[in-house]
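Me: I'd like a close look at one single part of this model. Could you walk me through it in plain words?

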Amino acid sequence: TAVRATGGGAFEYFPKPFDLDDLVSATRQAAQQAAGAEERDLHLGDDPGHGLALIGRSQPMQEVYRLITRVLGNDLTVLILGESGTGKELVAEAIHQLGKRKDGPFVAVNAAAIPRDLIESELFGHEKGAFTGATARNIGKFEQAQGGTLFLDEIGDMPAEAQTRLLRALQSGRIRRVGGAEEIAVDVRIVAATNRDLLPLIASGGFREDLYYRLNVVPIRLPPLRERAGDIEPLARHFLARAAREGLPRRGLSKAAAELLAAQPWRGNVRELQNVIYRAALLVRDDQIDAGTIAGLLATDQRDEPSAHP
């Protein structure tokens, strides 16, 4: 609703309850805004992502939607903060797909999944012969994202050497391939994400303070699922519908099962909920998933947790 309203020309989006002074201030700003601003054709489909669902009407999610709408018409750098499984990449995809760069590429790179000695090559590319095994020129993620969005996931795990080069690229808008002499201008929007608290990392020397402030222009905090229990049932029903579209049996969800789901801590967040719902849809023999089925799956998960073993 927030995206549709913004696409239709709304200046601001206020989740209830809102502060009257904020409303007056926003109204004043809207009145002063230059006439003839470009209209944006934004569309939000029934299923806005291929991964975790960006679904929920809780107050914390309303604030997330509000911030997303505020960055769609500009190229400000966004830092998405949240625990694993909350849907950080989905927010990055929404910012890209609904924003001004939607016709460009969306390129994602997970800093935690790349070996330390390869991350600079992955980001900036390399020339043939730059190092042992570099048998051909490689185009890095920055160049691949030209004209679009570069999503830097798990930025808190990036090695110090790569942080320095990344900061230089963000400051200058130019990169240099590993082993190359030519500087290449890049036009990309940066969206970064992390599940770590970067301030203690900065204090211990594990993350550059200047890079943090370069990335933390617009922070968006994704709430863990335990902070929005009212969204759990809609999410569960969404995953049941998706599971049916993907070939699993169509199942319903009993009221008792929904209440049991809402009472869980969900340490794995939305991703854990999705896994439980998919398994329930596959394993239950009745048309409706009951509380006993959910309780059994949750008990199995708790037994399988690594911390449960000596």
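Reply: Start with what Glu127 touches: Ala134, Ala136, Arg137, Arg177, Val178, Gly179 and Gly180, leaving out residues up to four places away in sequence. Touching, or contact, here means heavy atoms within 4.5 Å. This is a predicted model, where local features need pLDDT of at least 70 and side-chain atom pairs count only at pLDDT 80 or more, while totals for chains, interfaces and linings use all residues. Residues are numbered from 1 along each chain as its sequence is written, and side-chain values use heavy atoms, with hydrogens and water left out.

Where does Glu127 lie? You'll find Glu127 in the loop between helix H5 (119-124) and helix H6 (141-144). Helices here are DSSP runs of H or I with at least four residues, numbered from the N terminus.

Now look at Arg177, which is one of the residues that Glu127 touches. The side chains of Glu127 and Arg177 are joined by a polar contact of 2.9 Å. That term stands for a pair of N or O atoms within 3.5 Å; within protein, one must be able to donate a hydrogen and the other to accept it, and residues adjacent in sequence count only if both atoms are side-chain atoms.

So is Glu127 buried or exposed? Glu127 counts as buried because its relative accessible area is 18%. The cut-offs are under 20% for buried and over 50% for exposed, with partly exposed in between, using a 1.4 Å probe and protein chains only.

Note on methods:
Helices (H or I, at least four residues) and strands (E, at least two) are DSSP runs, numbered from the N terminus.
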